[in-house]
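The following note concerns side-chain packing and charge pairing. Please read the points alongside the sequence and the model.

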Amino acid sequence: MGQPKQTSSVTPLRAMRRVVCFTAFGTLLFGQTAALAQSATLQSATSRAVSSENNRATTGAASETGLDDESDGSATPAANSAAANADDAQRPAIPDAQSGDDITGSILDEDMRRLNTREARIDETPPVRRAGESASTAETPGIPIGTFVLRPSVTQSINTETTKDGNTRQRRAFLETDAAATLTSDWGRHQLTVTSEGAWQRNISGEGEEQPSFKVNGDLRLDLPDDAVAHLTAGYNFYREDTDDPDAIADATQQSDVQEFTAGASVQRDFGILRGTTALALNRSIYSDATLANGTTLALSDRNQTTGTLRGRVGYELSPALIPFIEATIGRTIYDETRDSAGYERSGHSYGAKAGVEVDLGEKLKGEVGVGYERADFEDSRLASIDTATLDASLLWSPIRGTDVNLDLQTSIQPSTTAGESGYVSHALTTTVTHQLRDNLVGTMIGGVIWRDYPTDSTINDELVYTAATGLTWNINRYLDLTSTLGYELTTRKDGDDSQQFRAGVGLKLKR
């Protein structure tokens, strides 16, 4: 006999069974907690696929055999769904799992998932470890003042000085108090830096002129759009003129006190591989009266002057470490009095040009070197013009870690106030070597020479000034240093007596 034909009453039962199965499966699926929902997404999809396959297989088998076992057909997907959810509950959640990711069942980073991670070559250089900050280079925490940080220091020292000028010898012992401070802004953009330093001396024995000084400078850096940086500067400098200065008053018991006021503005901008700089600087000098040996005073107001200088520079960036440049300057000097006490008009103009190169090799070498020409003209026809070739250099070299060599070479025209004299050309070379002898001990050596080159028709002979000094700084702790200095200066002249000065001192420096 053939198989009995199925009646129409079987179709509703099948539909009801499928509705019950998917309803139960959906209830279990969406009844999971929010923490397991994301991790169970892939597993639930797999379970649904398996359940669907089993359901289709069971339904197909039942259809072929003509049997409609409702209990077996409905229990199979429910059991599979329960088993799938039980496995999901035991597996940890993998956040942000993507459909294409390899799920391993544990939280692994990208490197641990790779089976064939990269091995470094045997000859590969390991990363360089930076040396820890030593006591001599550690910066003090400073004093927070609003959005600024103030780092002050005070040094108290006792010194001895011997001065010999021809057959005249003077000795003195004096106390010197040196104070310095740096105020730096802590802004997200722009920066203001103010530095100041001063020295006050008091003789405790012997004879000799005290040399007080004070200096303060401010620099406001403005970060402008289009790769432009502007600087606004201002400063004040007070010092007493040295007895060895060519313009010093002979036989004066106290030389003139000099006050200098400075102000300036500059803008630097990059134009691709070109770098342009424009700067304007103003300088105002005021001289007080000098005290003579007989107790009278000599007015020096005829030396008061104001100087303005305009400078322009264009650099070509061969690389970030090498930038050749050309520079031109023009200046104007105006004296308060049209004629000085000797009847000379000393106001005039100055011109200069030079070419050089900027070097920046990081910590090893940075600075610039330039050669050029400079000229100064005076309104009084009796004062001859002064011109000279110039060689300027400012380099900071670190041959080895812990050793810094600072080389400074400057050529400049210095006007004179001596009757009938235009001035002289100054060639100054200074070298400073700083070496970290130990973690908390730093040694410093300074050597320099100044050549004062007067014109050939001048009545004043050339002078050479040699300087040498050495010092040690022992960092007792971050806030206290022990300092010692030893210095010597020799001034030689073709005609006239040489002069010498010897100085030694020891002191304590307190910093915050």
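1. Does Arg332 count as buried or partly exposed? At 29% relative accessibility, Arg332 counts as partly exposed, where buried means under 20% relative accessible area, exposed over 50% and partly exposed in between (1.4 Å probe, protein chains only).

2. This is a predicted model, in which local features need pLDDT of at least 70 and side-chain atom pairs count only at pLDDT 80 or more, while totals for chains, interfaces and linings use all residues. Residues are numbered from 1 along each chain as its sequence is written, and side-chain values use heavy atoms, without hydrogens and water.

3. Arg332 forms a salt bridge (a side-chain nitrogen of Lys or Arg within 4 Å of a carboxyl oxygen of Asp or Glu) with Glu379, the closest N and O atoms being 3.0 Å apart. Glu379 is likewise partly exposed, at 39% relative accessibility.

4. Glu241 and Arg303 form another salt bridge, with 2.9 Å between the closest N and O atoms. Both Glu241 and Arg303 are buried.

5. The structure holds 21 salt bridges. A network of them links Asp270, Arg275, Arg311, Arg313, Glu327, Glu358 and Glu368. Within it, Glu358 and Arg275 meet at 4.0 Å, N to O.
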